[in-house]
Amino acid sequence: MGVQVSVKGAPTEVRVCEWCADLRTRRHDVPAVDGAWLRSVDGDLSKVTESQWLRATCDPWCSSMRTVTLAPEVGWANANARQVLAALGLEMDGEISHEDIPDMLQKILRVLNIDQIVGRMVRAPSEELGALGCKVIDFGSDTDSFRTRLNDFRNLLIHAHFRGLSVTWG
Ligand SMILES: [Zn+2]
């Protein structure tokens, strides 16, 4: 459970799964082929044909292709997210449109430069009972990690700003 911040509409790239690529190159283990483990070779790798190696995947469910986003992403634990977002007057989920990014960058700099605000962000570790009766452990936060989180958020906003994109979190 946590809050993920990402650049909306960021370009993505399709990459070959590195495990599949490794398996096809080194041929060191029995592959999956056409969505099933290749059991017919009975563990004997010399029985795997060339055409089977070309279609080999690292497991039966892997399509060999992965879509990765080319923009930075930031992930926060809930307690840390609440702190960073509240300091900026933001809700736990939301969006900043491209036009509003410059204002938010200013706001972040203001918060970073006011030691009293940053100083209030020290949170001692604690344990509390969650809504469902389960124990929620908060590892706490010091001012350095608060500053780091704000800077991660800032870098992501700058990335989106220069590409005309907006930022979402939740
Ligand atoms: Zn794979």
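A: Start with contact: two residues count as touching if their C-beta atoms, placed from the backbone, lie within 7 Å. The model is predicted. By that rule, Asn80, Gln83 and Val84 in α3 meet Phe146, Arg149, Leu150 and Phe153 in α6.

Q: What is the make-up of the contact of α3 with α6 by residue class?
A: This contact has four nonpolar, two polar and one charged residue.

Q: What makes α3 roughly perpendicular to α6?
A: The axes of helix α3 (residues 78-87) and α6 cross at roughly 70° and come within 10 Å. Angles of 65 to 115 degrees count as roughly perpendicular. The crossing falls in that range, so α3 is roughly perpendicular to α6.

Q: Why are α4 and α6 called roughly antiparallel?
A: Helix α4 (residues 101-113) packs against helix α6 (residues 143-162) at an angle of about 160°. Their axes are 10 Å apart. The cut-off for roughly antiparallel is over 145 degrees. The angle passes it, therefore the pair is roughly antiparallel. The crossing of α4 and α6 is left-handed.

Q: Which residues make the contact of α4 with α6?
A: From α4 come Ile101, Met104, Leu105, Ile108, Val111 and Leu112. From α6 come Arg147, Leu150, Phe153, Arg154, Leu157, Ile158, Ala160 and His161. By class, the contact of α4 with α6 has 11 nonpolar, one polar and two charged residues.

Q: How many helices and strands are there in the protein?
A: The protein has six helices and 10 strands.

Q: Why is the protein described as more spread out than a compact globule?
A: For 170 residues the globule rule gives 15 Å. The radius of gyration is 23 Å, well over that value, so the protein is more spread out than a compact globule. The C-alpha trace spans about 70 × 45 × 25 Å along its principal axes.

Q: Where do the domains run, and what is the distance between their C-alpha centres?
A: The domain assignment gives domain 1 (2-10 + 71-169) and domain 2 (18-63). The C-alpha centres of domain 1 and domain 2 lie 43 Å apart.

Methods:
Residues are numbered from 1 along each chain as its sequence is written. This is a predicted model: local features need pLDDT of at least 70, side-chain atom pairs count only at pLDDT 80 or more; totals for chains, interfaces and linings use all residues. Domain bounds come from an automatic or database domain assignment. Axes are lines fitted to C-alpha atoms, for helices over the stretch in contact, and angles run from 0 to 180 degrees between N-to-C directions. Helices (H or I, at least four residues) and strands (E, at least two) are DSSP runs, numbered from the N terminus. Angles under 35 degrees count as roughly parallel, over 145 as roughly antiparallel, 65 to 115 as roughly perpendicular and the rest as oblique. A crossing is left-handed if the near helix is turned anticlockwise from the far one by less than a right angle, and right-handed if clockwise. Ala, Val, Leu, Ile, Met, Phe, Trp, Tyr, Cys and Pro count as nonpolar, Asp, Glu, Lys and Arg as charged, and the others, Gly among them, as polar. The radius of gyration is taken over C-alpha atoms; the globule rule is 2.2 Å times the number of residues to the power 0.38.
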